[in-house]
Amino acid sequence: MTQDELKKAAAEAALVHVRDGMTLGLGTGSTARPFVDLVGGLVADGLNVTCVPTSEVTAAQARGLGIPLSTLDETPHLDVTVDGADELDDRLRLIKGGGGALLREKIVASASDEMVVIADASKHVEMLGAFALPIEVVQFGAQVTVGKVAAILSELKLTPDVRRREGNDGPFITDGGNFIFDCHLERLPNPEELASALEAQTGVVEHGLFLGLAARAYVAGPDGVKELTA
Ligand code: 5RP
């Protein structure tokens, strides 16, 4: 199976959580995309759901499929959010934000009764950290903030290799108007410790560590789709 087929298999497995009348959070990325397509197909067949997208890209996709959309202000409680991940471990701790949507993704997941992760097996790791951890930083004074982030990483004995994410035409800018800096850590033995330190740092809007948020994951590999629970 190709990686795209595995992503689709994981997306299909998560459909079991979609029922008529639900409020749903729609994730972002190449694994969430087929899930949104599948929800669009069900809506075309008469499913009644209200969805909150986690990015402008997902909003445009969902709109194109005729999926009824709402905002968290109008729909503050969601039954389920289904989203991809860049890495997940056995405890369903995640690194997210490879697509730059981590802030909205975390807000939407936090407003949901359940966050369900869909991924191909390459994302399932023993220890987080090989995928560079994205952090979203306010543009104003970004170099000062990032200097402080590098100091935090050094203090925690992590590699202080922090690089601004670039787009096609200059720095990558998030839906919220901020920069993304990717922290190339290689290994992250204690994600909770780093998450707390980053949350205390002024100028850091959000980080891509999703800890205690995901309840369930569908991980698709050559032998089928495995269900993991936190
Ligand atoms: C976007 C994300 C994505 O869920 C994550 O990057 C996984 O993406 P993909 O399914 O394309 O590998 O966090 O901000």
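A disulfide is a pair of cysteine sulfur atoms within 2.5 Å, and a search of the whole structure finds 0 of them. This is a predicted model, in which local features need pLDDT of at least 70, side-chain atom pairs count only at pLDDT 80 or more, and totals for chains, interfaces and linings use all residues. Residues are numbered from 1 along each chain as its sequence is written, and side-chain values use heavy atoms, leaving out hydrogens and water.

Let's visit the ligand. The table lists polar contacts, meaning pairs of N or O atoms within 3.5 Å.

| Residue | Protein atom | Distance to a ligand oxygen atom |
|---|---|---|
| T31 | polar side-chain atom | 2.5 Å |
| G99 | polar backbone atom | 3.3 Å |
| G100 | backbone N or O atom | 3.4 Å |

The protein covers 91% of the 370 Å² of accessible area that the ligand has on its own (Shrake-Rupley method, 1.4 Å probe).

Now for a strand, β6, a DSSP run of E with at least two residues. Because 8 of the 9 residues of β6 (residues 112-120) are buried, the strand is largely enclosed by the rest of the structure; buried means under 20% relative accessible area, with a 1.4 Å probe and protein chains only. Which strands pair with β6, by at least two DSSP bridges? Strand β3 (residues 78-83) runs parallel to β6 with 5 bridges, and D83 has V117 as its bridge partner. Strand β14 (residues 214-221) is also parallel to β6, over 6 bridges, with V116 opposite R216.

How values were computed. Polar contact = N/O pair within 3.5 Å; in protein donor to acceptor, adjacent residues only side chain to side chain. Buried < 20%, exposed > 50% of the residue type's maximum accessible area, 1.4 Å probe, protein only. Helix = DSSP H or I, 4+ residues; strand = E, 2+ residues; numbered from the N terminus. Pairing = 2+ DSSP bridges.
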